[in-house]
Amino acid sequence: MMGPIRVAVFEGDEIFRRGVVSCLDEDPVLEVVVQGAAYDEGSIDAPSAFDVAVVSAAALEARLPACPLVACVNDNVLAWAPTGGRNVYAILSRRTLAAEQLVSAVRAAAVGLRTMDSQALTSDLDHRSLQVLRMLADGAAVREISSSLGWSERTIKAVIAGIQREFQARTRTQAVVEALRRQLI
Amino acid sequence: MVTRVLIGEFGAIFRAGLADLLAEAGCDILPDDHALGGVLEQVVDSQPDVVLLDLDNPGAEEVSRALSKMFPAVTVIACSSAALQMRIYPPFHGGESYLSQLSPDRLVQASAGT
């Protein structure tokens, strides 16, 4: 990497923003060049003034610079924060994020790599729930899932009920759709 | 006299922000020594003037109240990064508390008493 990576930080919570800036400043390659509560096009000289922006979930809803973005979000939106078609290269948990993870995600974004929080990948669903969801999505009935995975039908039904609770889904179809929407399967 | 602040368990980034803010305001941030065990042991060992706790942790209010009663001279401040609120247990008030908006200025005022 030639020269420092210039980073902008747009975050409404000033205490969290200070934390982000102090963590990034520890890294010799990263240089925080702009910071504020929100991105304001008018106040920034050129669109290429920074290479990566670290933003909050609220900032994701707003107008954003075209550079790679690293978003720090609350856990309740970790699995489904809006990334489609956007230049969001990482979605990270504000609560569990470590300084090294933030630095790594920003450095990765600067060279065009996307970072995934492992919590966002699994949500609160375990491996077994994901297996069942995948089979439901393929149109399998409870009996087929039971014989394929080697668990009783009763167990499969309990797993499905757990998934529906997790997603607050009224039907199995809704649970499958939700899992697809969250890109869990 | 420099205010000595012990910061309990928080998310790492928010914790770094708290430490940065209070250090800039002239407070002495005590090292977070997990080897000593929980926050109670750390308070006994480092005798801070102010203890910051995460209000978003389950049971935080009970712990704060208990600390405030056990160490009457200590100001306990439980901060919620999710709700941007803080519950302040002033010294010598027997565990009584009040809720306030969490902003950098208010936190510095409550901690350093400036």
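1. Chain A holds eight helices and six strands, where helices (H or I, at least four residues) and strands (E, at least two) are DSSP runs numbered from the N terminus. This is a predicted model, in which local features need pLDDT of at least 70 and side-chain atom pairs count only at pLDDT 80 or more, while totals for chains, interfaces and linings use all residues. Residues are numbered from 1 along each chain as its sequence is written, and chains are lettered from A and ligands numbered from 1 in the order in which they are written.

2. Along the sequence of chain A, the elements follow the pattern β-α-β-β-α-β-β-α-β-α-α-α-α-α.

3. The six strands of chain A form an open sheet in the order S2-S1-S3-S4-S5-S6, with parallel pairing; two strands pair if DSSP finds at least two bridges between them. Strand S2 (30–36) and strand S6 (115–116) of chain A stand at the edges with a single partner strand each, so one side of each has no neighbour in the sheet.

4. Strand S4 (residues 69–73) and strand S5 (residues 88–93) of chain A pair in the parallel sense over five bridges, and Ala71(A) has Ile91(A) as its bridge partner in S5(A).

5. The contact between the chains takes 18 residues from chain A and 14 residues from chain B, two residues being in contact if their C-beta atoms, placed from the backbone, lie within 7 Å. On the side of chain A that touches chain B, helix H1 (14–25) and helix H3 (99–110) of chain A each supply at least two residues, and H1(A) gives the most, with nine residues.
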